2 protein chains.
Amino acid sequence: MTDTDAKKLGVRPTKVRTLADLAKIAGVSPGTVSRALAGNSLVNAKTREKIEAIAREHGFRPNQMASKLRRQKTGVIGVAIPLGHDVRQQISDTFFMTLLGHLADELTEKGYDLMLRRVIPAQNEDWLDQFIGSGMVDGVIVIGQSDQFERIEEVADGYLPMVVWGNHQEGQRHCVVGSDNRLGGKLAAERLIASGAKSLAFLGDTQPIEFAARYAGAKEVAAKMGVPILALPTHLSPERTGEEIAEHLREIKGKVDGIFAATDTIAVTCLKELRERGIDVPRELKVVGFDDLPISSQTAPPLTTVRQDIAAGAKGLVDLLLRRLEGEDTESLVLPPHLIVRETA
Amino acid sequence: MTDTDAKKLGVRPTKVRTLADLAKIAGVSPGTVSRALAGNSLVNAKTREKIEAIAREHGFRPNQMASKLRRQKTGVIGVAIPLGHDVRQQISDTFFMTLLGHLADELTEKGYDLMLRRVIPAQNEDWLDQFIGSGMVDGVIVIGQSDQFERIEEVADGYLPMVVWGNHQEGQRHCVVGSDNRLGGKLAAERLIASGAKSLAFLGDTQPIEFAARYAGAKEVAAKMGVPILALPTHLSPERTGEEIAEHLREIKGKVDGIFAATDTIAVTCLKELRERGIDVPRELKVVGFDDLPISSQTAPPLTTVRQDIAAGAKGLVDLLLRRLEGEDTESLVLPPHLIVRETA
DNA sequence: TGCCTGATTGCAATCGTTTGCATTTTTGCA
DNA sequence: TGCAAAAATGCAAACGATTGCAATCAGGCA
């Protein structure tokens with residue numbers, strides 16, 4: 001009974017798990033099978049067809065581990081999401097998740113697989129070296145610098161194929177892709193002031209450098225225009241945000257008429273709290289967010305915000321990483337944010 | 001000059017990449033190093049310490065590919081997101097992304113890595129076999145059945161370690177975790193009718209079986225209560241949804257007073273369109289969504305919806321998969337959805 | 001000191017593919 | 001038909017860690 005017969009009869013054909021098994025059936029050497037399946041080599045067309053037919057019939061697929069070991073490359077890009085401050089936040093953060101989705105798209109297109117790892121630096125100092133040194137990935141993309149700026153810098157000195165989503169600091173050594181947060185902050189503050197705000201507040205945690213830069217930009221503009229601005233630490237864990245914001249609103253009631261939220265997520269929550277308090281937006285209080293998430297156009301009223309181009313960011317991350325895999329020491333890429341004027345300011 | 005001296009001088013210590021390198025330095029055999037680093041074996045305490053010290057000093061980490069090849073397991077779970085209908089949709093879909101985040105958490109906790117692969121079945125019929133047969137993953141989680149029910153069934157017959165997020169059909173062969181979509185649909189319709197709706201519409205694509213089940217549930221209740229219900233195909237790609245919904249609303253104007261949206265994303269867009277048209281929710285038109293995404297509590301008015309417990313789903317997926325990795329042939333897990341009454345119905 | 005036992009360690013095969021080089025087969029041409 | 005060149009294939013050595021089994025070592029006891 002041939003294997004083809006076996007298949008017709010619904011019997012599982014002889015198990016062929018390795019190149020050698022297949023080679024035996026085809027009556028050739030494993031090397032030839034390897035070449036035939038790789039496609040590119042100089043194997044006789046008829047031989048190749050025969051081998052491919054057998055491979056198809058048996059659903060054979062070469063063992064990747066062995067292949068990777070031999071070729072010393074994995075075809076996998078690691079994506080690390082460090083959860084520094086606000087542990088529960090980022091992994092469910094819409095912005096990061098959307099970025100991740102686009103990364104998956106881009107990498108797949110370039111023929112790479114994506115290995116996702118969520119890390120809690122506080123629990124494991126060695127997270128980045130471990131990921132890199134694991135030998136499981138050809139390169140690494142880090143989503144968000146969190147509070148790990150220094151560690152990333154250290155690693156960057158000895159490891160080329162790494163690109164980070166985050167904020168660009170003057171003179172930093174690691175390659176980063178991200179929006180010009182400071183400029184974004186300026187745009188937000190300018191808009192708030194232009195639409196009549198006389199006293200601003202920044203709603204967000206100023207620890208992460210991305211947010212710090214947004215605040216700094218807003219502060220710069222505020223100072224120039226002679227408008228006061230105060231920072232109100234607000235965290236991103238879904239459980240706490242609402243309450244924190246409520247508290248802040250109570251505190252600033254009547255004293256502040258322009259709010260710059262560090263992220264749209266915060267802005268949206270803020271809008272809701274304001275609505276519940278019957279505070280009219282934008283008449284009594286103006287609000288500008290940051291990110292331009294899909295929801296931001298759906299709020300009532302629709303949110304004025306600073307857009308980060310997530311798709312472009314993902315594309316940039318992947319492009320730079322691939323160039324680094326080729327050995328090039330790429331520069332950082334800073335994307336310009338855009339003010340999207342809707343109805344809250 | 002010893003390596004320690006070299007380090008003190010800021011010189012990079014001798015490169016040690018393999019167990020053999022390290023073994024030479026330590027003056028033992030590679031086997032011993034392997035055992036020492038694995039920790040569990042019976043190696044002399046002093047030897048182990050010495051080896052660990054050297055490993056630390058050189059930042060040595062065993063090559064995973066070799067290890068995996070030898071041990072015939074990868075420690076990696078593949079997560080596939082098939083993008084059947086609506087290609088651009090799911091990867092950026094909040095629900096799936098949130099589920100993915102929770103999966104990452106769960107898997108990390110259990111010591112597995114997560115390999116993400118977005119697949120377009122229409123472009124590559126062989127997606128699932130390819131993923132499984134790649135030898136890169138110990139097991140597979142499929143997020144969403146999309147239009148691939150049959151293919152998944154076929155694969156399930158010969159491959160145990162696979163669990164799927166999706167809908168449970170009577171008598172199906174693959175192990176699935178998911179909400180009871182039919183029940184969810186019932187809850188939604190009951191609520192709409194209870195709050196006074198006299199004529200219903202279902203906003204969503206009825207191709208995917210999850211959505212079909214939601215619609216079926218609603219239809220059953222509607223029939224029982226003698227209320228008409230019609231399905232209005234609505235896709236999920238962000239670009240098209242808004243327009244499609246607008247068109248539907250024009251069409252049903254005055255004829256329908258209760259909308260059951262297949263997902264919260266659709267519901268939120270719908271609310272926005274209604275707001276723009278000045279239609280009062282819930283007075284003139286009632287709306288119920290599905291998922292209970294974080295945004296759903298932030299809309300104006302807050303959305304009444306059917307909650308799926310995403311965290312529980314992720315936990316279920318991972319638990320079942322791990323049991324399957326042990327050889328157990330687990331049953332499917334159907335989670336009960338819960339009606340969350342807010343203000344739109 | 002000599003022998004036995006148990007604790008350590010070393011040896012070498014193995015996981016399955018890839019690939020440089022050697023060998024065989026085919027082809028083209030005189 | 002014969003021979004060189006080209007094409008196709010086979011051989012065997014990697015890739016680097018793991019692990020069963022054998023060998024060695026140390027300690028205990030007579």
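Biologist: At what angle do helix α2 and helix α3 of chain B pack?

Modeller: Helices here are DSSP runs (H or I, at least four residues), numbered from the N terminus. Axes are lines fitted to C-alpha atoms over the stretch in contact, and angles run from 0 to 180 degrees between N-to-C directions. In this predicted model, α2(B) (residues 19–26) and α3(B) (residues 30–38) pack at about 100°, their axes 8 Å apart. Angles of 65 to 115 degrees count as roughly perpendicular, and α2(B) and α3(B) are therefore roughly perpendicular to each other. Local features need pLDDT of at least 70, and side-chain atom pairs count only at pLDDT 80 or more. Residues are numbered from 1 along each chain as its sequence is written.

Biologist: Which residues of α2(B) and α3(B) meet?

Modeller: Contact means heavy atoms within 4.5 Å. Leu19(B), Ala20(B), Leu22(B) and Ala23(B) of α2(B) meet Pro30(B), Val33(B), Ser34(B) and Leu37(B) of α3(B).

Biologist: How much area do chain A and chain B bury between them?

Modeller: Buried area is the accessible area (1.4 Å probe) that two parts lose on being put together, summed over both. For chain A and chain B this is about 4,000 Å², with 58% on carbon and sulfur atoms. The contact involves 41 residues from chain A and 42 residues from chain B.

Biologist: How many salt bridges are counted between chain A and chain B?

Modeller: A salt bridge places a side-chain nitrogen of Lys or Arg within 4 Å of a carboxyl oxygen of Asp or Glu. The count between the two chains is six. One salt bridge joins the side chains of Arg61(A) and Asp126(B) (3.4 Å, N to O).

Conventions: Chains lettered and ligands numbered in written order. Heavy atoms only, no water. Helix = DSSP H or I, 4+ residues; strand = E, 2+ residues; numbered from the N terminus. Parallel < 35°, antiparallel > 145°, perpendicular 65-115°, else oblique.
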